[in-house]
Amino acid sequence: MPEPIKKVGDFAHLDMDRATRRGYPEAVYCERKTVEQVGAIAAALADSSHTTLFTRASAAHLEAISQAVDAFVDAEAGFAAYPATPPEPTGEKVLVVCAGTSDLPVAREAEYTARYLGRDTRLIADVGVAGIHRLLSYEQTLHEAGVIVVVAGMDGALPGVVAGLVKAPVVAVPTSVGYGAGAGGIAPLLTMLNACAPGIGVVNIDNGYGAGHLAAQIAAR
């Protein structure tokens, strides 16, 4: 049985028992950690078979992780996962939909999170409300999903549109994509919180990890 806490230097206590306790593994938030700290944390996991996610990672963070363990990395999403192979999927499908190509980093973080938490995933990109026919061309795919993560910046209208079309719950993710009046994601956040379609849960701005985690939990049931 693995030790419940693994101390790394004088800067980290890894929660090795989290997957057993909560059913889902630990995630390492890399932003504001040094490259050396992230590399040491990754190295400390080398003898563990438990999935560990790394989020908001810079290119240098990802390089340090890759040198320490055989991990899956995606520089666009700032994401890594160890071990590199995701678990066999169970539960319902998690569909991730993003409004624009600029929203892809957050959308991919959501998709990878759900995938490495054991769900079958698919991503549909660049189907925002400026060309709603693009979304409608995937109507069958939308109806087949167990839960849908919708990522959007600008006006943030896409989650309400999707929720009005499907029976699946929608996890909405506002992004900081947009011009000045978008206030770094505040405008789409408020739109999503005020959506008139029921069945929408909203996570924090740019929080693809939180959305993917919530979607994975919903889809497990």
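This is a predicted model: local features need pLDDT of at least 70, side-chain atom pairs count only at pLDDT 80 or more; totals for chains, interfaces and linings use all residues.
Arg 56 is placed in the loop between S4 and H3, and its backbone has a positive phi of about 50° although the residue is not a glycine. Most residues other than glycine have a negative phi. The side chain of Arg 56 meets that of Glu 31 in a salt bridge, with 3.2 Å from N to O. Because Glu 31 lies in the loop between S3 and H2 while Arg 56 lies in the loop between S4 and H3, the pair ties together parts that are 25 residues apart in sequence. Glu 31, at 33% relative accessibility, likewise counts as partly exposed.

Strand S4 contains Phe 54, which is buried, with a relative accessible area of 0%. Leaving aside neighbours within four places in sequence, the contacts of Phe 54 include Val 28, Cys 30, Ile 65, Gly 78, Phe 79 and Ala 80, together with Val 38, Ile 41, Ala 42 and Leu 45. Phe 72 stands 18 residues from Phe 54 along the chain, and the C-alpha atoms of these two residues are separated by 9.9 Å.

The chain is divided into domain 1, covering residues 5–82, and domain 2, covering residues 90–219. Taken over C-alpha atoms, the centres of the two domains are separated by 25 Å. At the interface, 14 residues of domain 1 are in contact with 14 residues of domain 2, and the area buried between the domains is about 1300 Å², with carbon and sulfur atoms giving 63% of that area.

Between domain 1 and domain 2 there are 2 residue pairs in polar contact, and the rule finds 1 salt bridge across the interface. The elements giving two or more residues to the side of domain 1 that touches domain 2 are S4, strand S5 (72–74) and strand S6 (79–82). By class, that side of domain 1 has 8 nonpolar, 2 polar and 4 charged residues. Glu 76 and Arg 108 have side chains that meet in a salt bridge, at 2.9 Å from N to O.

## Further salt bridges

The structure holds 5 salt bridges. Side chains of opposite charge can pair when their charged atoms come close. Because they are 4 residues apart in helix H4, Glu 111 and Arg 115 are separated by about one helical turn. Glu 111 counts as buried at 6% relative accessibility, whereas Arg 115 is partly exposed, with a relative accessible area of 26%. Not counting residues up to four places away in sequence, Glu 111 touches Val 96, Thr 121, Arg 122 and Leu 123.

Another salt bridge brings together the side chains of Asp 126 and Arg 134, at 3.4 Å from N to O. Asp 126 is partly exposed at 33% relative accessibility, and Arg 134 is partly exposed at 27%.

## Backbone features in other loops

Asp 206, found in the loop between strand S11 (200–202) and helix H9 (208–220), is a residue other than glycine with a positive phi, near 65°. Asp 206 counts as buried, because its relative accessibility is 17% and the limit for buried residues is under 20%.

The peptide bond from Tyr 82 to Pro 83 is cis, with omega near -5°. Pro 83 has its place in the loop between S6 and strand S7 (94–98).

Conventions: Residues are numbered from 1 along each chain as its sequence is written. Side-chain values use heavy atoms; hydrogens and water are left out. Domain bounds come from an automatic or database domain assignment. Contact means heavy atoms within 4.5 Å. Buried area is the accessible area (1.4 Å probe) that two parts lose on being put together, summed over both. A salt bridge is a side-chain nitrogen of Lys or Arg within 4 Å of a carboxyl oxygen of Asp or Glu. A polar contact is a pair of N or O atoms within 3.5 Å; within protein, one must be able to donate a hydrogen and the other to accept it, and residues adjacent in sequence count only if both atoms are side-chain atoms. Ala, Val, Leu, Ile, Met, Phe, Trp, Tyr, Cys and Pro count as nonpolar, Asp, Glu, Lys and Arg as charged, and the others, Gly among them, as polar. Buried means under 20% relative accessible area, exposed over 50%, partly exposed in between (1.4 Å probe, protein chains only).
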